[in-house]
Structures are given as structure tokens and as C-alpha cells.
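Subject: Handing over the structure

Hi,

Here is the structure I promised to pass on to you. Have a look at it first, and my notes on what turned up follow below.

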Amino acid sequence: MSAETDLVARFYGAAQAGDGAAILAILHPGFEAHTAPGLPCGAGGTFHGPHETLAKVWGAVFAEFDTAPYAESWHETTDGMVVVTGHYRGASRATGREYEAEFVHLWRVTGGLISWLHQYTDTVRWHEAVSPV
């Protein structure tokens with residue numbers, strides 16, 4: 001694995017542990033995230049900076065879901081992008097309903113820190129977990 005892929009792998013470990021400080025430690029000050037429109041918790045959209053993304057994306061999601069991303073395949077492009085596919089697995093804290101949603105994450109690393117994320121996921125699966133029966 002390249003240094004970039006190793007760094008991205010650290011994100012998944014930190015997310016699985018629910019370790020916000022570890023996530024912040026690997027994000028570039030100019031970090032930008034583009035998350036899937038329609039994610040619950042207001043977590044879909046474009047977010048700027050590590051703290052905004054931690055609070056409005058991962059913090060919001062972890063507050064409503066007992067969940068984590070599990071990477072299954074890794075690819076590096078010739079221009080340095082790291083592409084990861086996998087599944088989010090977990091359950092809604094409010095309903096207890098389990099879910100599994102496929103994802104693709106596109107990552108960029110700048111100066112030894114993660115600087116950019118573009119996330120694609122099956123938002124319907126997330127909404128099914130939180131929806132009343």
C-alpha cells in the first residue's frame with residue numbers, strides 16, 4: 001500500500017472506533033467533503049474543514065446510528081486518488097433497525113493529510129433504518 005492508502009485506512013479504523021480525535025488528526029486544515037445528497041441527519045452536501053465535517057457529517061450520523069464504514073476493495077489511480085468500495089453496517093439508534101448500505105469513497109491526500117472526500121452511498125437503506133414501520 002502507498003502512504004496515501006495507509007492514511008485512508010487509518011480513517012476507517014478511527015471511524016470504526018468512533019474516535020473523532022483520531023479522525024481530526026489525519027484531516028488537512030483545508031479538508032472538503034462531498035457527501036451523498038439525501039443522507040439522513042442533514043449529513044448530505046458539501047462541507048468545509050475538519051471540524052465542520054466531523055460535527056455535521058460523522059458526528060450527526062454517529063449520534064443517530066450505531067454504524068461504521070467497512071472497506072472491502074482499494075484502488076489507486078494514476079493521479080493519486082484512492083478509491084475505496086465497501087459497506088456501511090449498523091443500526092438506527094431510534095428504531096433499532098439494522099441496515100447495510102454500499103458505498104464508494106474517493107479520497108485525496110495533500111501534504112500527508114486527507115484533503116478531500118467524495119462519498120456515494122445508497123441513502124435509501126439509511127432512511128429505511130430510521131423510518132417508522
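In which helix does V8 lie? V8 belongs to helix α1. Before going further, please keep in mind that this is a predicted model.

Let me stay with V8 for a moment. Its relative accessible area is 0%, so V8 counts as buried, the limit for that being under 20%. Setting aside residues up to four places away in sequence, V8 touches W74, V82, V84, W107, V109 and I114. V8 and V83 are 75 residues apart in sequence, yet 9.7 Å separates them in space, C-alpha to C-alpha.

W58 deserves a view of its own. If you leave out its neighbours within four places in sequence, W58 is in contact with F11, I23, L27, F31, T53 and L117.

The cavity

How many cavities of 30 Å³ or more does a search of the whole structure find? The search finds one. The largest cavity holds about 170 Å³ of space. It is lined by 16 residues, and V57, W58, Y88, Q119 and W126 are the closest to its centre.

As for where the lining comes from, α1 (3–17), α3 (50–64), β3 (65–76), β5 (98–110) and β6 (113–121) each supply at least two residues. The largest share is that of α3, with four residues.

V57, one of the residues closest to the cavity centre, is found in helix α3. V57 counts as buried, because its relative accessibility is 5%. Apart from its neighbours within four places in sequence, V57 is in contact with residues including T35, A43 and F47. The C-alpha atoms of V57 and G45 are separated by 9.1 Å, and the two residues are twelve apart along the chain.

Salt bridges

Side chains of opposite charge can pair when their charged atoms come close. In this model the count comes to six salt bridges.

Within helix α3, E52 and K56 lie four residues apart, about one turn of the helix. They form a salt bridge in which the closest N and O atoms are 3.5 Å apart. E52 counts as partly exposed at 27% relative accessibility, and K56 also counts as partly exposed, at 44%.

Which residue meets D79 in a salt bridge? The partner is R108, at 3.2 Å from N to O. This pair links distant parts of the chain, with D79 in the loop between β3 and β4 (82–92) and R108 in strand β5, 29 residues apart. D79 is exposed, at 52% relative accessibility, whereas R108 is partly exposed, at 28%.

R125 and D122 form another salt bridge, at 3.6 Å from N to O. The relative accessibility of R125 is 36%, so R125 counts as partly exposed. D122 is partly exposed too, with a relative accessible area of 30%. Finally for this part, a network of salt bridges links E72, R89 and E100.

A backbone detail

One more item for when you check the backbone. C41 has a phi near 70 degrees, a positive value in a residue other than glycine. C41 is found in the loop between β1 and β2 (45–48). With a relative accessible area of 25%, C41 is partly exposed.

That is everything I wanted to pass on. Happy to go through any of it with you.

Best wishes

Technical notes
Residues numbered from 1 in each chain as written. Predicted model: local features only at pLDDT ≥ 70, side-chain atom pairs only at ≥ 80, totals over all residues. Heavy atoms only, no water. 1 Å grid on protein atoms, 1.4 Å probe; cavity = no way out; pocket = protein on both sides within 12 Å on 5 of 7 lines; lining within 4 Å. Points joined across faces, edges and corners; volume = space filled by probe spheres on them. Salt bridge = Lys/Arg side-chain N within 4 Å of Asp/Glu carboxyl O. Buried < 20%, exposed > 50% of the residue type's maximum accessible area, 1.4 Å probe, protein only. Contact = heavy atoms within 4.5 Å.
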